[in-house]
Amino acid sequence: MHEALPVLVVLLVALAVSAPIARRTGISEPIVLALIGLVLGLVPGIPRRPLDPDLILLFFLPPILYADAFKTSWIDFARWLRPILMLAIGLVALTILVVGVVAHALLPELPWAVCFTLGAVVSPTDTVAVQSVIDKIRLPRRTTAILGGESLVNDATGLVGVQLGVAVVLSGTFEAGDVVGRFALVAGGGVAVGLVIGLAFTWLNQRFRATEALFALSLVSPYLAYWIAEHFGTSGVLAVVVAGFLVSWRIHNLPAAARVELFSVWQLMSWVLNGLCFVFIGLEAPRVVRETSFATSTDLIVAGLVLALVVIVLRALWVFPAAYLPLLLSPRLRAHEGGYPRWRSVVLVSWCGVRGMVSLAAALSVPATLDDGTPFPGRDALLACALCVILVTLFVQGATLGPLVGALGLRGDDDTDVEIRAARETLLEAGIQRLDEFCSETSCPLSVHHWRTSMADELVSLRGEDDDQRQQARSRLTVSHDVRRAVAESQAQELLKLRDSGRVNDSTYLTMQLELDRQIRGGQGGETD
């Protein structure tokens with residue numbers, strides 16, 4: 001039996017147990033997964049084959065970024081583009097510079113190019129750990145948009161920095177003009193590839209109707225964008241993000257049933273891939289410690305801890321002036337972004353600097369040898385310091401995000417509630433109007449009039465003239481939903497009896513049970529708070 005199979009089984013079991021452990025302990029799921037991976041990495045007998053960075057950068061990263069692009073509000077992204085770019089480009093560049101200088105001061109034997117490559121490796125934040133906390137609570141829209149937007153762009157800038165740093169080490173030459181030009185070419189080329197792939201798959205989505213075909217296309221899109229961009233030496237990350245943006249913007253072209261199923265499948269797939277990434281962090285930690293001199297070198301331990309402190313402090317020092325100074329100097333910009341951000345939100349953003357799988361994969365992707373076969377200078381030190389920064393930020397910042405949000409008393413914007421409420425009212429009005437038009441032209445059965453009554457009750461529950469009127473409408477809706485649910489559950493019990501008695505086979509049972517599940521879910525959809 002291939003040794004990878006038991007490892008895969010262990011990894012999937014780790015994913016299965018992580019969610020209940022996280023719920024019971026209150027620890028965020030990424031940290032639980034990393035701890036599970038750390039324990040597994042110390043267990044004797046488990047194969048310790050080095051993690052292939054291509055597994056992360058080529059197999060895991062494209063679909064993860066594509067899924068994140070679908071969850072991003074591009075209207076909010078455009079509105080708060082300035083703070084997003086100041087974090088994803090400005091802070092990344094500053095981190096590369098400062099970490100490089102500090103690393104050279106702590107480890108003077110490392111060449112400057114290697115020190116700056118280390119800075120690029122630890123420059124991108126991993127927002128998956130942050131999202132695992134903020135997804136469970138309602139944060140201000142501005143904060144969510146900035147953190148989500150940063151996560152989409154900073155992987156690209158960090159990985160491009162790593163590529164440039166390695167190229168300088170391999171060539172032995174450095175010219176600032178060439179680096180800037182190379183960065184512009186890589187970034188611009190990635191955006192161009194993403195535009196082409198996004199437009200192509202938007203066109204394809206309009207011509208395929210089968211859910212299976214659409215799912216296959218949704219898998220091809222991120223991988224194809226990444227592959228083509230990397231083939232031409234441009235940014236695969238930006239290509240995937242831009243392609244995801246274009247396809248998500250035209251998602252209304254998909255059939256409704258396909259949209260529901262695709263979003264459900266992608267949500268689960270994204271959870272699995274993200275979870276495996278954090279298990280890999282834990283698994284790799286013991287191996288990196290064993291294969292480098294980290295455990296026995298005081299200089300490396302001190303350097304790793306100091307660099308972790310540097311990236312944490314540097315983010316805070318950058319975030320506060322970047323959040324307020326441009327708005328203070330430009331009233332027009334201040335009006336565009338909705339005024340000054342809340343100081344509590346700025347504090348939270350400054351603490352969301354967790355490093356993760358992208359940094360580890362970038363460190364592992366640094367070649368072991370130069371072109372002439374000599375060892376890559378300082379690769380072990382780079383790996384050890386990068387791992388230390390990842391673990392410190394994950395277990396310090398990641399573990400304290402939840403308590404910090406509670407201590408700051410952050411809550412979601414009322415604007416979002418108002419927006420959702422207004423949109424729901426508009427949809428109900430449009431539905432009622434179309435029903436009235438249809439039934440004035442065609443004789444409608446009684447069930448259609450009951451449907452209109454239900455929509456009218458929901459509209460009254462949202463904007464009735466007085467509290468009694470709204471409460472009566474809510475009560476009628478609750479009874480209606482309860483009845484629908486009770487009927488569907490009773491039917492489900494009878495369907496189970498039919499299967500157990502052999503009157504329908506298990507395939508028929510599953511098909512009809514899924515129909516009842518959709519009815520129950522549909523009955524819950526109109527409930528109001």
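Helix axes here are lines fitted to C-alpha atoms over the stretch in contact, and the angles between them run from 0 to 180 degrees between N-to-C directions. The model on your screen is predicted, so local features need pLDDT of at least 70 and side-chain atom pairs count only at pLDDT 80 or more, while totals for chains, interfaces and linings use all residues. Residues are numbered from 1 along each chain as its sequence is written, and side-chain values use heavy atoms, with hydrogens and water left out.

**Two helix pairs**

Select helix H2 (residues 29–42) together with helix H17 (residues 379–408), whose axes come within 9 Å and cross at roughly 150 degrees. H2 is therefore roughly antiparallel to H17, in a scheme where angles under 35 degrees count as roughly parallel, over 145 as roughly antiparallel, 65 to 115 as roughly perpendicular and the rest as oblique. Helices, in this numbering from the N terminus, are DSSP runs (H or I) of at least four residues. The crossing of H2 and H17 is left-handed, a term used if the near helix is turned anticlockwise from the far one by less than a right angle, with right-handed used if clockwise.

Next, select helix H10 (residues 211–231) and helix H12 (residues 256–291), which pack at an angle of about 45 degrees with their axes 10 Å apart. That angle makes H10 oblique to H12, and H10 passes H12 in a right-handed crossing.

**Salt bridges**

The structure holds six salt bridges, each defined as a side-chain nitrogen of Lys or Arg within 4 Å of a carboxyl oxygen of Asp or Glu. Begin with Arg 141 and Asp 76, where the closest N and O atoms of the salt bridge are 3.8 Å apart. This pair links distant parts of the chain, with Arg 141 in helix H8 (residues 141–171) and Asp 76 in helix H4 (residues 74–79), 65 residues apart. Asp 76 counts as buried because its relative accessibility is 10%; buried means under 20% relative accessible area, exposed over 50%, and partly exposed in between (1.4 Å probe, protein chains only).

Now move to Arg 82, which forms a salt bridge with Glu 337 with the closest N and O atoms 2.7 Å apart. Arg 82 lies in helix H5 (residues 81–106), and Glu 337 lies 255 residues away in the loop between helix H14 (331–336) and helix H15 (343–351). Both Arg 82 and Glu 337 are buried.

Which residue forms a salt bridge with Arg 315? The partner is Glu 150, and the closest N and O atoms are 2.9 Å apart. Arg 315 in helix H13 (residues 298–329) and Glu 150 in helix H8 are 165 residues apart. Arg 315 counts as buried at 2% relative accessibility, and Glu 150 counts as buried at 2% as well.

**A buried glycine**

Select Gly 356 in the loop between H15 and helix H16 (357–365). Gly 356 is buried, with a relative accessible area of 1%, and its C-alpha atom is separated by 8.2 Å from that of Leu 391, 35 residues apart along the chain.

**A nonpolar surface patch**

Finish at Leu 12 in helix H1 (residues 4–25), a residue that is partly exposed, with a relative accessible area of 43%. Selecting Leu 5, Leu 8, Val 9, Leu 12, Val 13, Val 17 and Ile 21 shows a nonpolar surface patch of about 550 Å².

Terms used
Patches are made of residues with over 30% relative accessible area and no salt bridge: like charges are joined within 9 Å, nonpolar side chains (Val, Leu, Ile, Met, Phe, Trp, Tyr) within 5 Å. Accessible areas come from the Shrake-Rupley method with a 1.4 Å probe; for residues, only the protein chains shown count as cover.
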